[in-house]
Amino acid sequence: MKFTLEPGTEFIVGLPGILIISLNYLSSGLFIQKAIRVVPRCSRPLDGGFLFFMIKFFGGVFMGIKGKLKNMEENIKDVFKKINNLDELEKLRIKYLGKKGEIADVFSKMGELNAEERPLIGKKTNILKNKIETLILNKKQELEEKVKRDRLKAEKIDVSLPGYKPLIGHKHPISNVVDELKDIFIGLGFSIAEGPEVESEYNNFEALNIPEYHPARDLQDTFYIDDSYLLRTHTSPVQVRTMEKEKPPIRIIAPGRVYRSDELDASHSPIFHQIEGLVIDEEISFSDLKGTIETVVKSLYGENRAIRFRPSYFPFTEPSAEVDVSCIVCNGEGCPLCSYTGWIEVLGSGMVHPNVLKMSGIDPEKYSGYAFGMGLDRIAILKYGIDDIRLFFENDRRFLHQF
Ligand code: DAH
């Protein structure tokens, strides 16, 4: 039986229909799927996909080598068109060009052909093989490019989006004051010294002429690490450290944090800041101290500020003086800030006690010196009009950004 199906032929699908197509397919080697239109007969419609499957199945089983070649030649382009990714392409490459692939299959069956057909079909197969290789190559390039394009699309940075603004910090008002004072003192020939906040009991008290029984220790109660170490109560131990390791002339300032076991309130904090000063040389007198302090206080609080030295007592200086400036708010008239005295105390000072010099290995017969200590928090409070010392330690950006 031989049937020829013209393009556009309609026929009823059912077993005979499939048989007809299969036989036709077998005999002519034509791939007729495109040429026919399927009209379902049974209640469950058979669609083109099923038909296609049947054709492929029977075609595969019965198709001869020439038919197979022709089929491949005609459809290979479409087959590659449908490929969407590199994995599918690789599978297809193996299917056609692999060791057990379609092309290898055609070559292995060359023996079935007669001597005339063989070179012809051989040539055709080689041409097809080259065609497939080119198709693979082109498809591969196309897909790789697509992958690249997709990746670029996915990784694209939208530069029009606003970035995250880094939170910029702000210099602490205490640091502003320290820097200002450093500038003033460096201008006067001082250098900067440093000491640890965990200090020995010896440096903090003993070497500053405050022995164990001395009542001055009670005024500076602090946090003890153990029997011999504590959180320094003032920056004065930096005097001891400097004198122990340096020979006069000495001219240093030492800013830093200090601790006392004070209750926290608007004007007291267990942590606060000081700046220490020490000058040791031959023939240093109280007038040197006065001149320096006057220069510093005036550059800090203004030229017109009145200054007074008031006799005082510190165990490590003799004589000692406290320095007041005329009240910044009332200019000496009297107001709540200065407790109606007209004066605000800004520092303690004095001539270094001979015992202190001696204990640190400096000959008091040859050398003399002066020292002073200022509370930095107080200076910042007066300078910026801050009414609560606790604000310095909260690190609230809204506060810090005002200075
Ligand atoms: N260390 C003292 C205190 O914290 C302040 C002081 C007074 C420092 C007199 C000095 C000085 O160097 O000479 O109360």
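Helices (H or I, at least four residues) and strands (E, at least two) are DSSP runs, numbered from the N terminus. Residues are numbered from 1 along each chain as its sequence is written. This is a predicted model, in which local features need pLDDT of at least 70 and side-chain atom pairs count only at pLDDT 80 or more, while totals for chains, interfaces and linings use all residues.

**The whole protein**

Begin with everything selected. The protein contains 15 helices and eleven strands. A residue is called buried if 20 or more other C-beta atoms lie within 10 Å of its own, exposed if 12 or fewer, and partly exposed in between, with C-beta atoms placed from the backbone. Of the 403 residues in the protein, 26% are buried.

Select Leu-181, which belongs to helix H7 (residues 173–187). Is Leu-181 buried or exposed? Leu-181 is buried, because 21 other C-beta atoms lie within 10 Å.

Now show H7 together with helix H13 (residues 376–384). Their axes come within 9 Å and cross at roughly 100 degrees; axes are lines fitted to C-alpha atoms, for helices over the stretch in contact, and angles run from 0 to 180 degrees between N-to-C directions. H7 is therefore roughly perpendicular to H13. On the H7 side the contact uses Pro-173, Ile-174, Val-177 and Val-178, and on the H13 side Leu-376, Asp-377, Ile-379, Ala-380, Lys-383 and Tyr-384. Two residues are in contact if their C-beta atoms, placed from the backbone, lie within 7 Å. By class, the residues of this contact comprise eight nonpolar, no polar and two charged. Here Ala, Val, Leu, Ile, Met, Phe, Trp, Tyr, Cys and Pro count as nonpolar, Asp, Glu, Lys and Arg as charged, and the others, Gly among them, as polar.

**The sheet**

Select the strands next. Seven of them form an open sheet with mixed pairing, in the order E3-E6-E7-E11-E10-E9-E8; two strands pair if DSSP finds at least two bridges between them. Strand E3 (191–192) and strand E8 (307–314) stand at the edges with a single partner strand each, so one side of each has no neighbour in the sheet.

E3 and E6 run parallel and are joined by two bridges, and Ile-192 stands opposite Ile-253 in E6. How many bridges join strand E6 (residues 250–259) to strand E7 (residues 271–281)? There are ten, and these two strands run antiparallel. Along this pair, Gly-256 faces Gln-274 in E7, and Tyr-259 stands opposite Ile-271 in E7. E6 is mostly covered, with eight of its ten residues buried.

Helix H11 (residues 286–301) lies across E7, E8, strand E9 (317–326), E10 and E11, and runs at about 150 degrees to E10. H13 lies across E6, E7, E10 and E11, at about 55 degrees to E11.

**Helix H10**

Select helix H10 (residues 237–245). Seven of its nine residues are buried, so H10 is largely enclosed by the rest of the structure. The buried residues are Pro-237, Val-238, Gln-239, Val-240, Arg-241, Thr-242 and Met-243. Their cover includes strand E4 (198–200), helix H8 (201–204), E6, E7 and E11.

Around the ligand are His-234, Ser-236, Glu-276, Phe-314, Thr-317, Gly-348, Ser-349, Gly-350, Ala-371, Phe-372 and Gly-373. Strand E10 (343–352) and strand E11 (368–375) are the elements that give two or more residues to this shell. The shell divides into three nonpolar, seven polar and one charged.

Finish at Tyr-367, in the loop between helix H12 (354–359) and E11. Tyr-367 is buried, because 20 other C-beta atoms lie within 10 Å. Tyr-367 and Asp-281 are 86 residues apart in sequence and 5.4 Å apart in space, C-alpha to C-alpha.

Conventions. A residue is near a molecule or strand if its C-beta atom, placed from the backbone, lies within 6 Å of it. Angles under 35 degrees count as roughly parallel, over 145 as roughly antiparallel, 65 to 115 as roughly perpendicular and the rest as oblique.
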